[in-house]
Amino acid sequence: EKAVDVVVLPGNPGTLHFYRPFVDFMFEKMNERASVYVVGHLGHDATCHVKTPVQEHVRHCVQEQSDWNGDGLTILDLNVLQKLSFIDSRLDRQSTLILIGHSVGCYVLLKMLPHIDKKRLGKAIFLFPTMHRIADTPNAQWQRPFYKKRIWIPMFVAKVAASLPRVCLSFMVGLYMRWKGTPSPYRQHMVEGVMEMAEHSDTLETMLAMGECEMLQIGEFSQSSRQTILSLA
C-alpha cells in the first residue's frame, strides 16, 4: 500500500503548539495510516532555532526591511523554499502527498504547487486562505502599524509578560483563552504557544516581520495563481 504523507502549512504565527490538536485529529481520522507533519515557519519556534543559511537570511530580512520588496528573497519566499526542501529531503518520494494550508500557509502552498509533482499530489486543501490583497482587510488596517512603525508596543508587552512568574503568565493566558471560548482540550496548547512567543523576543520579532511581508507581497490574485488553482480541478 502506498504511503501517505500529510503536510500542514501553518498561518502566522506558525508556532507548532497551535496545530498539535489538529495533527492529532488528522492522524486519528486517517486510522493512523498516514504520517502527519506540521512544518513551522522559519524562526517561529524557539525550540527550532537551527543556524542554517536560510535561517540567517530570515534574520537579514528582519533587520534589512528594504529586502521585503526588493529583488532578493522575502521571508515568504524563504518559507516556500523551506517547505519544498522538507518534502524533498525528509519524505518518501514515492508517497502520496496531501498538502494543507491554513491562512497565509495557503499562499505558501499556492507558490509551492508548481514545483510539486502532480502525479504525487493527492490533494491540496486551502483552509481560511489568505491569498489576495491582505493589506486591504479590516484586521490589517489596525494590525499593520504594530508590525513595523509601532513594533515596540508588542515587543514591550511581551517583555513585561516574560518577566512575570511562569505560573502567573500561564493563568492569565488561560483565562483569556477561556473568555474567547477556546475549547478546553485545545487551551493548554494555545497557552504554551503564546507563552513561547512572550518569552522569546526574536521569535515574536520574526512573526511580526512576516506579517509586514504579507502586507507587501500578497496583492492582486495573479493569472498564474488562477491557472495553478484551475490545474487542481
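Trainee: Against which elements do the buried residues of helix 1 pack?

Mentor: This is a predicted model, and the answer is to be read from its coordinates. An α-helix has 3.6 residues a turn, so residues three or four places apart point the same way. In helix 1, the residues Pro21, Val23 and Met26 are buried. The buried residues of this helix pack against strand 1, strand 2 (35-38), strand 3 and helix 8 (184-199). Just after helix 1, Asn31 takes a positive phi of about 55°.

Trainee: How many helices and strands does the chain have, and what pattern does the chain follow along the sequence?

Mentor: There are ten helices and four strands in the chain. Read along the sequence, their pattern is β-α-β-α-α-β-α-β-α-α-α-α-α-α.

Trainee: Which way do strand 1 and strand 3 run relative to each other, parallel or antiparallel?

Mentor: Strand 1 (residues 4-9) and strand 3 run parallel, and six bridges join them. Within this pairing, Val6 stands opposite Ile98 of strand 3.

Trainee: How many bridges join strand 3 to strand 4?

Mentor: Six bridges join strand 3 to strand 4 (residues 121-127), and these two strands also run parallel.

Trainee: Is strand 3 mostly covered or mostly open?

Mentor: In a regular strand the side chains alternate between the two faces of the sheet. Strand 3 (residues 96-102) is mostly covered, as five of its seven residues are buried.

Trainee: Where is Lys119, and is Lys119 buried or exposed?

Mentor: Lys119 is placed in the loop between helix 4 and strand 4. Lys119 counts as exposed because its relative accessibility is 78%, and the cut-off for that class is over 50%. From Lys119 to Thr96 the separation is 23 residues in sequence and 8.5 Å in space, C-alpha to C-alpha.

Trainee: Which residues touch the most other members of the largest nonpolar core?

Mentor: That core has 19 residues, and Leu76, Val104, Tyr107, Met215 and Ile218 touch the most other members. Helix 3 (75-90), helix 4 and helix 9 (201-217) are the elements that give two or more residues to this core. Helix 9 supplies the largest share, six residues.

Trainee: How many disulfides does a search of the whole structure find?

Mentor: A disulfide is a covalent bond between the sulfur atoms of two cysteines. A search of the whole structure finds zero disulfides. The cysteines may still be read by their cover. Cys106 counts as buried because its relative accessibility is 0%, whereas Cys168, at 35%, counts as partly exposed.

Trainee: Which residues does a cis peptide bond join?

Mentor: The cis peptide bond joins Asn12 and Pro13, with omega at about 10°. Pro13 lies in the loop between strand 1 and helix 1 (20-29).

Trainee: What is the phi of Phe128, and what is the phi of Arg133?

Mentor: Phe128 has a positive phi of about 45° although it is not a glycine. Arg133, likewise not a glycine, has a positive phi of about 45°. Phe128 lies in the loop between strand 4 and helix 5 (138-143), and Arg133 lies in the loop between strand 4 and helix 5. As to cover, Phe128 is exposed, with a relative accessible area of 68%, while Arg133, at 37%, counts as partly exposed.

Trainee: What percentage of the residues of the whole chain count as buried?

Mentor: Of the 233 residues, 41% count as buried. The chain exposes about 13,200 Å², and carbon and sulfur atoms supply 56% of that area. Among contacts between residues at least 6 apart in sequence, 76% join residues at least 24 apart.

Conventions: Residues are numbered from 1 along each chain as its sequence is written. This is a predicted model: local features need pLDDT of at least 70, side-chain atom pairs count only at pLDDT 80 or more; totals for chains, interfaces and linings use all residues. Side-chain values use heavy atoms; hydrogens and water are left out. Buried means under 20% relative accessible area, exposed over 50%, partly exposed in between (1.4 Å probe, protein chains only). Two strands pair if DSSP finds at least two bridges between them. A disulfide is a pair of cysteine sulfur atoms within 2.5 Å. Contact means heavy atoms within 4.5 Å. Accessible areas come from the Shrake-Rupley method with a 1.4 Å probe; for residues, only the protein chains shown count as cover. A nonpolar core is a set of buried Ala, Val, Leu, Ile, Met, Phe, Trp, Tyr and Cys residues joined through side-chain atoms within 4.5 Å.
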